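Morning, everyone. I'll keep this short. Please have the structure up on your screens.

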Amino acid sequence: MIYAIVQTAIILSTALFIFSLHWMKDPKTARRGVFAGIAAMTVAIISTMVDPKIINWDYISLAIVLGFVVGIPLSKVPLTAVPQRTALSHAFGGLAAGLVGTAKYYLWLSEGVEQLTTFRMVAIIVEIILGYLTFTGSLMAAGKLQEVKWIPQRPVTYKGQNFINLSLLGIAIVGGLLLVISPAEYSYLFPGIIVLALLFGILLIIPIGGADMPTVISLLNAYAGLAAVAMGFVLDNKLLVTAGALDGSSGLILSLIMCRAMNRSFTNVLFGGFGQVQAAAEGAENRSAKTETAEGAAEILQQASKVVIIPGYGMAVAQAQYRIRELYDLLTKAGVEVQFAIHPVAGRMPGHMNVLLAEAKIPYEQLVEMDDINSDMPQVDVVIVVGANDVVNPAARHDKSSPIYGMPIIDADKAKMCFAIKRSMNPGFAGIENELYFAEHTFMLFGDAKAVIGELVKQLSGAAEK
Amino acid sequence: MVFRKIFYTTSAVLLTYGSAFAESKEVATPDYFGLFFVFILASFIGLGVITRVSRLLHTPLMSLTNAISAIAVVGSIILTGHDYPTYITILGGIALFASMTNIVSGFLITDRMLKMFKSKETKKS
């Protein structure tokens, strides 16, 4: 009887999880998705707890209370810190998978080797390798995003890096195979595999720079999901397999979108090429860019009828989204059509810019995908580039020697006029000169994004009063 | 032709493998194929559903799937709760803590972000 109820609960919970993701298709229904997710989770937890064999309630309640104590503050981080929070939660997911795999192995080993069937052993090895490498890899990624001091921000590369990484993984897999063949005889290898997986996770993330973070976070998401699937195989639990597969496919799709948006293949992102620091300033001829003052820019903006703002990571760093909102309000009130062009890899994780602009209460209808806005670009009067760089570099279209050649970009150069807000002429993260800044109709507005846009707002509102 | 041959050989191997298990069993054999079946179907559903998710919502999507995959909490509860040796209970407890953190922070922050996505109409009303 209990069995039937529990199984029904699992089916209900699975259906709710699928609906939860289904409702994410539209911002209007998305919140319903969260409630469906919470309901599914509650059903799953309760149906697990009715098991009469569960007796250690003290440990369970302690862990759950601690989970709330840590989880609630983690959900209140500022939205600019969302990428590192996400990375951190991938780390927790990986850790949970790794620990459950470890515990199950030693439990079955102590209960009798015949429990460690080949199937279980394979699943356990996959689970711990994926779990632990996701754990340290995500911690490293979170550290890089949070700019923790003792983690190098710049990509660290050295000779034979891929070889070392792959041989580490290879050794771990060989050890795993030995354990599969004879789970008890080689039991001393088990901790070794854990250490190798932990190490591999760190080494995998070391060569990665900030611009590649969206891809890496998506990839770690997929790993965390697959680790959960492996856990489902270990525990013979269909619900875990389903939820893990949903998470894994989400990570996979996001990684693919990110790869496509950077014109990189999956293998290229996985091995090498990853955030390579290009020798900066190739052919650094001293071309000069034209500058413009806030007054002049404000005047031009008032004459415009269609303005497109292209945000990048610089907007997040400068926390300029609220000032952009003021600019948006002023221009809209003056009858100017303002849209935002979002490049898939702008920021540090998929969809980062959308969340920041939504936080500043910009209606989401105004946020337009790169592919949808590029054809309109020639009709745009003014483009304002705020802290974006590589994603608007026209070199990606025609300069075959450029490291970003072939990457889809937002055609800011095709607009009638372009303002680029930038701190200085230093090349951006990838160390590539941006042709856009030297184009005939581009004018630079030097300074901190927040301050410059604040100045624009002041000029515009001053003009409105006159 | 080759494919059919491979198919038959693999099926034969798998069958013998499976029946060998069935005979030598003191351990209850889980339904491995059933699990794979579920995995494949769930992956296809996942791919179908996720490709339709609005691009605006990719950040909340990631935190939501993160909370969903924290369903690992189920495994952790079993490990922590049963009458196992203390070290197993502790490993399970840490895993339970990690999953619970993901559930709580994942759902809360997803909802917090989604609340911010306002359309033009809702703003006026």
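**A covered helix and its sheet**

Start with H14(A), where His352(A), Met353(A), Asn354(A), Val355(A), Leu356(A), Leu357(A), Ala358(A) and Glu359(A) are buried. A caution before I go on: this is a predicted model. H14(A) covers residues 352–359, and eight of its eight residues are buried, so I'd call this helix mostly covered, given that a residue is buried if 20 or more other C-beta atoms lie within 10 Å of its own.

What does H14(A) lie across? Three strands of chain A: E1, E2 and E3. The helix runs at about 145° to E2(A).

Now the sheet itself. It is open, has six strands, and pairs in parallel. The order in chain A is E3-E2-E1-E4-E5-E6. At the edges sit strand E3 (367–369) and strand E6 (442–446) of chain A, each pairing on one side only. From one strand to the next, the twist averages 25°.

Take one pair in detail. E1(A) and strand E2 (residues 337–342) of chain A run parallel and are joined by four bridges. Look for Ile309(A): its bridge partner in E2(A) is Phe340(A).

Next, the way into E1(A). Ala304(A) is in the loop between helix H11 (294–303) and strand E1 (306–311) of chain A. Is Ala304(A) buried, exposed or partly exposed? It has 19 other C-beta atoms within 10 Å, so it counts as partly exposed. Setting aside neighbours within four places in sequence, Ala304(A) contacts Val336(A), Asp381(A) and Val382(A). Leu331(A) is 27 residues away along the chain, and its C-alpha atom is 9.3 Å from that of Ala304(A).

One more helix in chain A. H9(A), residues 238–261, has 24 residues, which should span 34 Å at 1.5 Å a residue. Its end C-alpha atoms are 34 Å apart, so the two agree. H9(A) is also mostly covered, with 22 of its 24 residues buried. After H9(A) comes Asn263(A), with a positive phi near 55°.

On to the partner. Chain B has six helices and zero strands. Of its 125 residues, 46% are buried. Among contacts in chain B between residues at least 6 apart in sequence, 58% join residues at least 24 apart.

How many residues of chain B are in contact with chain A? The count is 81, against 95 residues of chain A. Helix H2 (32–51), helix H3 (58–69), helix H4 (73–81), H5 and helix H6 (120–124) of chain B each supply at least two residues to that side of chain B. H5(B) gives the most, with 28 residues. By class, this side of chain B has 46 nonpolar, 25 polar and ten charged residues.

Last, one helix pair across the two chains. Two packed helices are described by the angle between their axes and the distance between the axes. Helix H3 (residues 57–74) of chain A and helix H5 (residues 86–116) of chain B have axes that come within 7 Å and cross at roughly 35°. The crossing is right-handed. On H3(A), the contact residues include Ile60(A), Ala63(A), Gly67(A) and Phe68(A). On H5(B), they include Gly93(B), Phe97(B), Met100(B) and Val104(B). This contact has 14 nonpolar, six polar and no charged residues.

That's my tour. Over to you.

How values were computed:
Residues are numbered from 1 along each chain as its sequence is written. Chains are lettered from A and ligands numbered from 1 in the order in which they are written. This is a predicted model: local features need pLDDT of at least 70, side-chain atom pairs count only at pLDDT 80 or more; totals for chains, interfaces and linings use all residues. A residue is buried if 20 or more other C-beta atoms lie within 10 Å of its own, exposed if 12 or fewer, and partly exposed in between; C-beta atoms are placed from the backbone. Two residues are in contact if their C-beta atoms, placed from the backbone, lie within 7 Å. Axes are lines fitted to C-alpha atoms, for helices over the stretch in contact, and angles run from 0 to 180 degrees between N-to-C directions. A crossing is left-handed if the near helix is turned anticlockwise from the far one by less than a right angle, and right-handed if clockwise. Ala, Val, Leu, Ile, Met, Phe, Trp, Tyr, Cys and Pro count as nonpolar, Asp, Glu, Lys and Arg as charged, and the others, Gly among them, as polar. The expected span of a helix is 1.5 Å times one less than its number of residues. Two strands pair if DSSP finds at least two bridges between them.
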